[in-house]
Amino acid sequence: MDFYNLDIQMTSTNTLPNGVLLQTLNADLIHVHTQISSAKKLLEEMARVLTSALDEETKEKDIYHQLLEREKLGNTGVGNGVAIPHSRSPHAQTAVLAIITLETPVDYDSADKQGVDLAFGLLVPENAAQEHLNLLADIARLMSDPSKKDKLVKAKSAQQVISLIQSWSS
Amino acid sequence: MKILILGASQVGVSIAEVLVGEENDVTIVDVNSDVLQQLQNRLDIRTVTGSAAHPSVLRAAGAEDASLILAVTNNDQVNLVACQIAETFFSTPTKIARLRSKEYLNNPELFSREGGFSVDVVISPEKIVRDHITRLIEFPGALQVLDFADGLVQLVGVKAVAGGALINCQLEELKEHMPNTETRVAAIYREHEVITPKSDTIIKEKDEVFFVAARENIRAVMKEMRGQSDKTKRIFIAGGGNIGLDLARELERKGYSVKLIEFNPKRAEKIAEAVGNTIVLKGDAADAGLLLQENIEAADVFCAVTEKDEINILSANLAKQLGAKRVMALVNKPAYVEHLEHRDIDTIISPRIATIGSVLAHIRRGDVVAVHSLRRGRAEAIEAIAHGDANSSKVIGKGVREIPFPAGTGVGAIVRDGEVIIPNVNTIIEPEDHVIIFMDNKSCIADVEALFQVAVTFI
C-alpha cells in the first residue's frame, strides 16, 4: 500500500464503506475468475463491461481510451494486487462500478510490483462530486486489508462478491 | 510494460537495449532470423521472425497484450500498415511509427484522428538529427542543446573556458554576474565525474556545465562561461544524403553560407538543383586537397553527415587538423561513439541517442512530455506536467525544497502558462506546470516518475 495514498483516504471519509459503494454494486458488472493475460487486456475488458451498463450509443473504445488517459496520469494499481482504473466520462450519468477478478495476476506496473488479480473499474459523471471521490477512497481503503482482498479474489460468483462487501459494511 | 518493437533496425535495437534495462517485457519482430538470433543471445527479449505488416505475425508476437508498438522497420509503408493493424485488431494504446519519406511527413492529415492512419506518434530520426545539428550550430560552443516546452526552455551543455566571467566563481554569484538573466546550473561534469551543483560550487576551466534557461537567455549565459561570444558564418557539410540536403537548406534559409561536399556526381547535380545559395562540391570529403582549395581553414563549422561513420570520423578529424574551428561527425555505431568522446571531434552526433528520447517520453510514467537522454544514456532530463491538486499530487502546492526529489535530481525550470520560471527552493508548484528536471543518474527515474503520478483518488 502506498502510504501517501493511504494518507488521503484516511482524511476523506468517516464510515467504511459508505452507502454509495453498496448502491453502486451491480451483479451484471461483476465478473469473477476471468482469464486475462495483461494489463492492457484488463483495461479493454473493463471498458467492455462498463460500456454494457451505458446507453447503446456509447462506444467501448471511447471508454477504453478514457481509462487509458487517466492511467497515463498515474497508475491506478494501489498495491496488494488491486487496481482501480477509473475515469470521468460524458457517457456516465451516475457512477458505474464494475469488478473483475482474474484467474492469474497480470503485471500492472504497480508501485509494489505485485501482479493485479482484482480490479475495480469506475466511471463517474463529468461533474463528479465528493461522493464519487469517497467511493474511490472507500474501495482503496477496503482493499488495503489483504484478507478482505483475498476473499474477494476467491469469490466464486458475482453474488458472493456483493455479499462479502455487504458483510463488511454492516 | 509489454512492448513490441517492429524492425531490428539500429533505432529498434538501441531502444530495445534501454527498455530491457528498465525491466520491460520486449518482443522484437524482424524478417531476418539471423539478426534476431544474435540479439536474443545478447538481450533478454523475445523474438518473432516474419513481416511486421502481417496480422498473424503481430498476433504471434503478442500484440494482444502489448501496451506499446514501435514500428521502426526500414520501410515506411510497413510501419504505417503495422500501426493500422495494431489499432484495428488489437486496439494497441500507443502506436509509434518511424517514417522517412517527406511524402508522409509533410502530409500530417494522413494521421488525423478521423480516417487517417492510426499512428499516435510519428518519429523521423533524420528530422531529429537535422534539428539537433541546427540547434548546435545556432549556439556556437555548445556541446548539447536540448529543447523543452516546445523550445521555450533549453538545456545547454557547454565547456567552460578560461576567460569566461563565471570561471572560478561560486554558483551563488551567478545572479550578481547576470542580474537580468535567470538561469540554473543543472549539473557539472569534471573529468567525467558528476558534481551536484550547490551554492558554493565553483566552476573551473574545462568543466562541462549543463544549464537551463529560457531560450532568449542562452546566449548571454554561454558568453559568461566562454568569454568571447563565438560567431558562426561559414559551414561545410560533408555528405548530400537526406540529412545533408535538409541541413543545407535549413542553414541557408537561416542566412549561413554553406558548402556541401557530395561524392556521387549524379547526386551532387541533383542536390545543386534543390538548394539555393549553397555551393555544391563534387568530391571526397576526406580529400585534404579539396578541403584546402575550398578554404577549410575559414570554416566555422564542419559537419560530416555521410552514410558512413568512418568517412564522417576521418573527414571531421582532417577538417579539424586543417583549421576548421568546430567539427561534428554523425556516428551510428555505438562502439565508435563510446571511443570518440573527448577526442579531436568537438561533437559526436548519435542518431540513436538523439531519437531515443522521443520514444521514452511515451514510456515514462506520469504525464511526461519530453525526455532527453544525456551522457550516453546515463543521465536524463525530462519535462513532466503536474496534474491534480494539493491532495492528489505529491508536488502541487509544495515548494521545490519540500518535494522529496532523489539525490542527484533537480528542477531546472518551470513553464507556467507559457512563461518560463527559474525556480528557487521556495517556488511553489502549481497545477499544469511543466516541470523540467535533470537527473544525473537514470536510477532515480522511477522515484521521479512516482512524484509526478497523481494519487489513485484523482478522478
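**Exercise 1. Helix α4(B)**

What span should the 15 residues of α4(B) have at 1.5 Å a residue, and how far apart are its end C-alpha atoms?

*Solution.* The expected span is 1.5 Å times one less than the number of residues. For the 15 residues of α4(B) this gives 21 Å, and the end C-alpha atoms are 21 Å apart, so the two agree. Helices (H or I, at least four residues) and strands (E, at least two) are DSSP runs, numbered from the N terminus.

The structure is a predicted model, in which local features need pLDDT of at least 70 and side-chain atom pairs count only at pLDDT 80 or more, while totals for chains, interfaces and linings use all residues. Residues are numbered from 1 along each chain as its sequence is written, and chains are lettered from A and ligands numbered from 1 in the order in which they are written.

Next, list the residues of α4(B) that are buried. A residue is buried if 20 or more other C-beta atoms lie within 10 Å of its own, exposed if 12 or fewer, and partly exposed in between, with C-beta atoms placed from the backbone. In α4(B), the buried residues are Val78(B), Asn79(B), Leu80(B), Ala82(B), Cys83(B), Ile85(B), Ala86(B) and Phe90(B). They pack against β1 (2–6), α3 (55–60), β4 (68–71) and β5 (94–98) of chain B. Just after the helix, Ser91(B) has a positive phi of about 45 degrees.

**Exercise 2. The cores**

Which residues touch the most other members of the largest nonpolar core?

*Solution.* A nonpolar core is a set of buried Ala, Val, Leu, Ile, Met, Phe, Trp, Tyr and Cys residues joined through C-beta atoms within 7 Å. The largest one has 146 residues, and those that touch the most other members are Ile69(B), Leu70(B), Ala82(B), Phe236(B), Phe302(B), Ala304(B) and Ala329(B). Helix α4 (residues 76–90) of chain B gives the largest share of this core, seven residues. A second, separate core has 51 residues, among them Ile36(A), Leu42(A), Ala128(A) and Ala140(A).

Take Ala304(B) as one case. Two residues are in contact if their C-beta atoms, placed from the backbone, lie within 7 Å. Leaving aside neighbours within four places in sequence, the contacts of Ala304(B) include Ala238(B), Ala285(B), Ile311(B), Ala316(B) and Ala329(B).

**Exercise 3. Strand β12(B)**

Which strand does β12(B) join through five bridges, and which through four?

*Solution.* Two strands pair if DSSP finds at least two bridges between them. Five bridges link β12(B) to β13 (residues 257–262) of chain B, and these strands run parallel. Four bridges link β12(B) to β15 (residues 301–304) of chain B, also a parallel pair. Ile237(B) has Leu260(B) as its bridge partner in β13(B), and it stands opposite Cys303(B) in β15(B).

Now follow the chain from β12(B) to β13(B). Together with helix α9 (residues 242–253), the two strands make a right-handed β-α-β unit. Right-handed here means that, with the strands pointing away from the viewer, the path from the first strand over the helix to the second runs clockwise. Strand β12 (residues 234–238) is largely enclosed by the rest of the structure, because four of its five residues are buried.

**Exercise 4. Leu42(A)**

Is Leu42(A) buried or exposed?

*Solution.* Leu42(A) lies in helix α3 (residues 39–51) of chain A. It has 24 other C-beta atoms within 10 Å, so it is buried. Not counting residues up to four places away in sequence, Leu42(A) touches Ile36(A), Ile100(A), Val106(A) and Ala119(A).
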